[in-house]
Amino acid sequence: MTNKHKIQTYVYHLFVCVLGLLMIYPVLWMVSGSLKNNTEILNGGMNLFPPQWRFSNFFTGFKGFGGISFQTFFTNSFFVASVSTLATVLSSSCVAYAFSRVSFKGRNIWFMSMICTMMLPAQIILVPQYIIYNKLGFVGTYLPLILPHFFGQAFFIYQMMQFGSGIPKDLDEAAIIDGCSKYSIFTRIFLPLLKPSIVTTVIIQFYWKWDDFMSPMIYLSKPRMYTASVAIKNFADSTSTTDYGSMFAMSTLSLIPVFLIFLFFNRYLVEGISGSGIKG
């Protein structure tokens with residue numbers, strides 16, 4: 001390797017390290033803030049090293065507020081995220097199979113209608129959705145947070161379709177010769193081979209629902225039903241002193257489930273995205 005190539009390699013790695021540090025700095029600052037008191041957080045500025053490690057923030061934060069511990073809020077978040085993710089996987093895979101493997105009348109029109117829904121910002125449908133759920137008596141329950149995911153999500157349907165396009169249709173034809181129905185082809189061939197795309201859907205959808213703040217804030221009115229994202233917001237009290245240390249401590253704990261899922265399934269995430277042709 002020539003000196004020029006060595007210099008280019010060093011510069012490249014330096015650039016990547018600096019860029020990576022800039023990307024993870026907010027997370028590092030939050031973790032550092034979870035070990036500080038309010039004075040150290042507000043006056044410490046860019047300092048990532050707390051003068052004294054205050055693990056008491058985690059115990060104080062976990063007690064929650066109003067007699068409700070954060071175990072309840074984390075359980076609520078896990079329930080909403082898990083059921084929504086399962087519903088998304090089941091419904092989106094069924095729709096993806098229908099669009100990619102089954103010929104039916106109006107297929108192209110329905111597909112274009114589905115794609116168009118991806119262009120609508122969530123804020124546009126927020127008010128009509130609230131009116132519908134309010135008339136159905138769903139406001140104040142978890143149904144508005146979970147029910148829509150039982151009818152497929154356009155992004156994941158398209159992602160599964162793109163991945164499924166790489167599955168040879170010869171397998172379907174061979175299965176039909178053996179006497180398999182479309183249901184058997186879906187459950188025995190299409191779905192098992194869709195595993196990388198399904199894992200990608202699980203990771204992304206779980207993260208989105210776990211991190212969701214707007215929907216639980218709008219539809220949930222009882223504090224005992226709050227998800228973790230809404231509960232963390234309640235640490236910020238404009239009428240009294242905000243306990244930033246405890247708020248950052250609970251924010252740090254809320255990252256653990258998502259981090260673990262990404263850590264263990266990262267290999268499938270990369271394979272699923274690359275196989276679907278969706279570039280991030």
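**Exercise 1.** Is phenylalanine 104 buried, partly exposed or exposed?

*Solution.* The structure is a predicted model, in which local features need pLDDT of at least 70, side-chain atom pairs count only at pLDDT 80 or more, and totals for chains, interfaces and linings use all residues. Residues are numbered from 1 along each chain as its sequence is written, and side-chain values use heavy atoms, with hydrogens and water left out.

Step 1: recall the classes: buried means under 20% relative accessible area, exposed over 50%, and partly exposed in between (1.4 Å probe, protein chains only).
Step 2: the relative accessibility of phenylalanine 104 is 34%, so this residue counts as partly exposed.

**Exercise 2.** Classify the aromatic pairs that phenylalanine 99 forms with phenylalanine 104 and with phenylalanine 111.

*Solution.* Step 1: rings of Phe, Tyr and Trp (its six-membered ring) pair if their centres lie within 6.5 Å; planes under 30 degrees apart count as stacked, over 60 as edge-to-face and the rest as tilted. The whole structure holds 22 aromatic pairs.
Step 2: between phenylalanine 99 and phenylalanine 104 the centres are 6.1 Å apart and the planes make 35°, a tilted pair.
Step 3: for phenylalanine 99 and phenylalanine 111 the values are 5.7 Å and 75°, an edge-to-face pair. This pair links distant parts of the chain, with phenylalanine 99 in helix 4 (residues 70-101) and phenylalanine 111 in helix 5 (residues 107-117). Helices are DSSP runs (H or I, at least four residues), numbered from the N terminus.

**Exercise 3.** Which class of accessibility does phenylalanine 99 have?

*Solution.* Its relative accessibility is 9%, therefore phenylalanine 99 is buried.

Definitions and conventions: Helix = DSSP H or I, 4+ residues; strand = E, 2+ residues; numbered from the N terminus.
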